[in-house]
Amino acid sequence: GITMENNNIDLIEQIRTIVAPLAKKPESILIRRLDKPEDLEKREQHYVIVCENDDLGRLIGRHGINSSSARTLINVIARKYKKRVHLSFESFGEEE
């Protein structure tokens, strides 16, 4: 479920629920929060979704339709908590 500490809301599981069905290997998807500890309670949240190389195209979709739908959906959820979520997508090959 949703973990809330003060105003720090973690939406990783919700993001996983939205993007995992698009992937061929959902079990290998990693979702990481990118915000610094001092920014965790801020309104803006940043997550990166890292998947298999083959799955990157599936998650992003033709002309980005899947990734923009995922962003829309997660922000519908996030709005309840007065948050705004930014998602980026990477494959394991291009992780820094």
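**Notes on the fold: sheet, helices and core**

1. Some terms first. Helices (H or I, at least four residues) and strands (E, at least two) are DSSP runs, numbered from the N terminus. Axes are lines fitted to C-alpha atoms, for helices over the stretch in contact, and angles run from 0 to 180 degrees between N-to-C directions. Contact means heavy atoms within 4.5 Å.

2. A word on the model itself. It is predicted, so local features need pLDDT of at least 70 and side-chain atom pairs count only at pLDDT 80 or more, while totals for chains, interfaces and linings use all residues. Residues are numbered from 1 along each chain as its sequence is written, and side-chain values use heavy atoms, with hydrogens and water left out.

3. Strand 3 (residues 30-33) and strand 4 (residues 44-51) are antiparallel, with four bridges. Strand 4 and strand 5 are parallel, joined by eight bridges.

4. Ile-31 and Arg-33 make up the covered face, whereas Leu-30 and Arg-32 are on the uncovered one. The general rule behind this is that side chains in a regular strand alternate between the two faces of the sheet.

5. Which residues of helix 1 (residues 12-19) are buried? They are Ile-12, Gln-14, Ile-15, Ile-18 and Val-19. Buried means under 20% relative accessible area, exposed over 50%, and partly exposed in between (1.4 Å probe, protein chains only). These residues sit on the same side of helix 1 because they cover an arc of only 160° around the axis; the arc is that of the directions from the helix axis to the C-beta atoms. Their packing partners are strand 2 (8-10), strand 3, strand 4, helix 2 (53-60), helix 3 (65-79) and strand 5 (84-91).

6. With a relative accessible area of 16%, Ile-12 is buried. Beyond its neighbours within four places in sequence, Ile-12 is in contact with Ile-31, Arg-33 and Tyr-47. Ile-12 and Arg-33 are 21 residues apart along the chain, yet their C-alpha atoms are separated by 7.7 Å.

7. How do helix 1 and helix 3 pack? Their axes are 10 Å apart, at an angle of about 145°. On the helix 1 side the contact uses Gln-14, Ile-15, Ile-18 and Val-19, and on the helix 3 side Ala-70, Leu-73, Ile-74 and Ile-77.

8. Next, the core. The largest nonpolar core has 21 residues, and those with the most contacts inside it are Val-19, Ile-29, Tyr-47, Ile-49, Leu-59 and Leu-87. (A nonpolar core is a set of buried Ala, Val, Leu, Ile, Met, Phe, Trp, Tyr and Cys residues joined through side-chain atoms within 4.5 Å.) Helix 1, strand 4, helix 2, helix 3 and strand 5 each supply at least two residues of this core, and helix 1 gives the most, with four. Take Leu-87: not counting residues up to four places away in sequence, it touches Ile-15, Tyr-47, Ile-49, Ala-70, Arg-71 and Ile-74.

9. Finally, check two loops. Most residues other than glycine have a negative phi. His-63, in the loop between helix 2 and helix 3, has a positive phi near 55° and is exposed at 82% relative accessibility. Lys-82, in the loop between helix 3 and strand 5, has a positive phi of about 55° and is exposed at 65%.

Terms used. Pairing = 2+ DSSP bridges.
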